[in-house]
Amino acid sequence: MRSRARSTRSRHMRGLGPSLLRLAVGTVFVAHGLIKLLPVPGGGMRETAALFESLAFQAPFAVAMTLGWVEVAGGMALVLGAYTGWIAFALLLTTAVTSWKLHVPHGLFLNWSLAPGVQHGYEFDLLLVGALLSLIATGGGSLSFDSASRHAAELEADGYARVRHGHVD
C-alpha cells in the first residue's frame with residue numbers, strides 16, 4: 001500500500017517538473033519580448049532594429065517587431081501550457097538564429113565583468129535551447145492547458161466507448 005502511494009505521488013511530481021520549467025522559460029521569453037517592443041532604457045524597437053541591422057539582417061525593423069511579438073506571444077503560451085511542443089519549437093528556432101548571429105562569435109561565457117566593448121557569449125542561449133528541447137520532449141507538464149485538453153479528450157473518448165458497448169451507468 002505504501003509503495004502505491006509513493007508511486008502515485010512520484011507520478012504527480014514528474015508532471016510538475018515540466019510545468020515549473022515551462023513557467024520559468026515562458027516568463028523569460030515574455031520579458032525579453034517586451035524589452036524589444038516597449039520603449040524602455042536599453043531596449044525598444046528602434047534599438048533592437050539597429051542591432052539587427054548591424055548584424056546584416058534584411059528588413060531589421062520587421063525582424064525586430066516579429067521577434068518581439070513571437071517572444072511575447074510564445075512566452076505567454078508557454079506560461080499557459082498551450083501547444084507547448086509547437087511553441088517551444090518556434091522559440092527554439094528564433095533563439096538559435098539570433099544566438100548564431102549575435103552570441104556565438106563571442107564564445108561561450110557571458111560578459112560578467114560588463115567590460116565595455118566585450119559582448120556576451122551564448123551560455124544563456126544554450127540554457128534556453130536545453131530547456132526548450134526538454135519541453136518539446138516532455139510536453140507542458142501536468143499543470144497545463146495541453147494536459148487538461150488531453151484529459152478531457154480521454155474522458156470524452158471513454159464516454160463514447162462506454163455508450164457504444166452498452167456500459168452506460
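I began with burial, where buried means under 20% relative accessible area, exposed over 50% and partly exposed in between, with a 1.4 Å probe and protein chains only. By that rule, I noted that Phe-52 and Phe-57 are both buried.

The model is predicted, so I kept in mind that local features need pLDDT of at least 70 and side-chain atom pairs count only at pLDDT 80 or more, while totals for chains, interfaces and linings use all residues. Residues are numbered from 1 along each chain as its sequence is written, and side-chain values use heavy atoms, with hydrogens and water left out.

**Aromatic pair.** I searched the whole structure and found one aromatic pair. The ring centres of Phe-52 and Phe-57 are 5.0 Å apart and the planes stand at 70°, so the pair is edge-to-face (rings of Phe, Tyr and Trp, the last by its six-membered ring, pair with centres within 6.5 Å; planes under 30 degrees apart are stacked, over 60 edge-to-face, the rest tilted).

**Salt bridge.** Which side chains meet in a salt bridge? I found those of Lys-36 and Glu-71, at 3.0 Å from N to O, where the term asks for a side-chain nitrogen of Lys or Arg within 4 Å of a carboxyl oxygen of Asp or Glu. Lys-36 lies in helix H1 (residues 2-37) and Glu-71 in helix H3 (residues 60-80), so the pair ties together parts 35 residues apart in sequence; helices here are DSSP runs of H or I with at least four residues, strands are runs of E with at least two, and both are numbered from the N terminus.

**Around Lys-36.** Lys-36 has a relative accessible area of 13% and is therefore buried, and Glu-71 is buried as well. Leaving aside neighbours within four places in sequence, I listed the contacts of Lys-36 (heavy atoms within 4.5 Å) as Gly-44, Met-45, Thr-48, Leu-67, Gly-68 and Glu-71. The C-alpha atoms of Lys-36 and Gly-68 are separated by 5.4 Å, although the two residues are 32 apart along the chain.

**Thr-48.** I then turned to Thr-48, which is found in helix H2 (residues 45-54). Is Thr-48 buried or exposed? Thr-48 counts as buried, because its relative accessibility is 10%. Not counting residues up to four places away in sequence, Thr-48 touches Lys-36 and Ala-64.
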